Amino acid sequence: MTDTHDYEQTKSFWNTRFKAIPVHRFTSERYGNKLLDDALDWLIENADRILDFGCAPGTLLGLCAMRKKADYHGIDISSAGIKKATLTFQENKLETGTFSCGGVKRLHEYKAGSFDGIILSNVIDNLTLTDCAEVLKATKRLLKPGGKVLLKLNDYRDAHALKAYGTKSIAGDLHEETSGLYLINRTTATWETILKNDFEIVKAEPITFEPHGITNRLFLLKRR
Ligand SMILES: C[S@@+](CC[C@H](N)C(=O)[O-])C[C@H]1O[C@@H](n2cnc3c(N)ncnc32)[C@H](O)[C@@H]1O
């Protein structure tokens with residue numbers, strides 16, 4: 001296996017995607033999906049400092065900033081994503097966003113207990129197994145006690161779905177998609193067992209995004 005930790009294919013995939021999209025102009029503070037909007041409201045309540053790891057063009061952080069003034073930080077391995085996130089905040093006149101390009105190591109640059117909330121949306125299951133564990137460990141370290149996590153994961157794929165998507169097995173739960181992106185494919189029960197070590201699971205439910213009919217898994221967590 002090559003490129004496990006430099007994520008060259010991941011960077012190239014997302015850089016191409018993010019270069020091609022326009023800067024998001026917010027016309028509303030709502031995303032338009034009730035479960036996600038409620039989750040963002042829950043995350044920002046009483047929060048002064050929020051981190052989004054895998055923030056992409058800053059849409060979720062931007063929606064938070066549209067609702068509430070706070071200190072927003074975004075990290076993403078895609079330089080194009082970080083450029084767009086910076087522009088998203090500038091062009092929507094949202095003044096409190098700080099964005100850095102990088103991967104898991106960037107999380108070590110912040111002090112323990114320095115965030116009230118952390119967004120991990122469709123990112124930790126696209127990492128290597130080691131990095132996924134590292135991000136969860138760092139999330140616990142970076143949150144204040146009782147701090148909140150909005151976690152979103154891809155849906156579980158059974159053997160038939162893995163085959164249909166052309167997903168290649170690498171090792172254990174780790175797979176590689178035809179796009180070159182990693183996919184950690186775990187059942188909800190397995191994720192819950194892992195998450196319960198460090199977090200209280202406040203909510204766990206499927207979330208569907210219309211019109212594409214994509215279903216993800218949404219978890220609201222509190223640091224123990
Ligand atoms: C599926 S997108 C999700 C974007 C956004 N969080 C959302 O929910 O719309 C995955 C994002 O994670 C970022 N990413 C992937 N691997 C990463 C890594 N090792 N470190 C930081 N960001 C990473 C990608 O560049 C991309 O922006």
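1. Gly147 is buried, because 23 other C-beta atoms lie within 10 Å of its own. (A residue is buried if 20 or more other C-beta atoms lie within 10 Å of its own, exposed if 12 or fewer, and partly exposed in between; C-beta atoms are placed from the backbone.) Gly147 belongs to strand 5. Helices (H or I, at least four residues) and strands (E, at least two) are DSSP runs, numbered from the N terminus. Not counting residues up to four places away in sequence, Gly147 touches Phe115, Asp116, Gly117 and Arg223; two residues are in contact if their C-beta atoms, placed from the backbone, lie within 7 Å. Gly147 and Leu40 are 107 residues apart along the chain, and their C-alpha atoms are separated by 14 Å.

2. On provenance: this is a predicted model, in which local features need pLDDT of at least 70 and side-chain atom pairs count only at pLDDT 80 or more, while totals for chains, interfaces and linings use all residues. Residues are numbered from 1 along each chain as its sequence is written.

3. Helix 5 (residues 129-142) has 14 residues and reaches 20 Å from its first C-alpha to its last, close to the 20 Å expected at 1.5 Å a residue. The expected span is 1.5 Å times one less than the number of residues in the helix. The buried residues of helix 5 are Asp131, Cys132, Val135, Leu136, Ala138, Thr139 and Leu142. Seen down the helix axis, they fall within an arc of 165°, so they line one face of helix 5; the arc is that of the directions from the helix axis to the C-beta atoms. They pack against strand 1 (49-53), strand 4 (115-121), strand 5 (143-154) and strand 8 (182-184).

4. Helix 4 (residues 79-91) has 13 residues, and its reach of 18 Å from first C-alpha to last is close to the 18 Å expected. Buried in helix 4 are Ala80, Gly81, Ile82, Lys84, Ala85, Thr88 and Phe89. Their cover includes helix 1, helix 3, strand 2 and strand 3 (97-101). Lys93 follows helix 4 and has a positive phi, near 55°.

5. Ser121 lies in strand 4 and is buried, with 20 other C-beta atoms within 10 Å. Leaving out residues up to four places away in sequence, Ser121 touches Gly54, Leu60, Leu150 and Lys152.

6. Most residues other than glycine have a negative phi. Ala56, in the loop between strand 1 and helix 3 (59-67), has a positive phi of about 55°. Ala56 is buried, with 24 other C-beta atoms within 10 Å. Tyr7, in the segment before helix 1, also has a positive phi, near 55°. Tyr7 is buried, with 22 other C-beta atoms within 10 Å.
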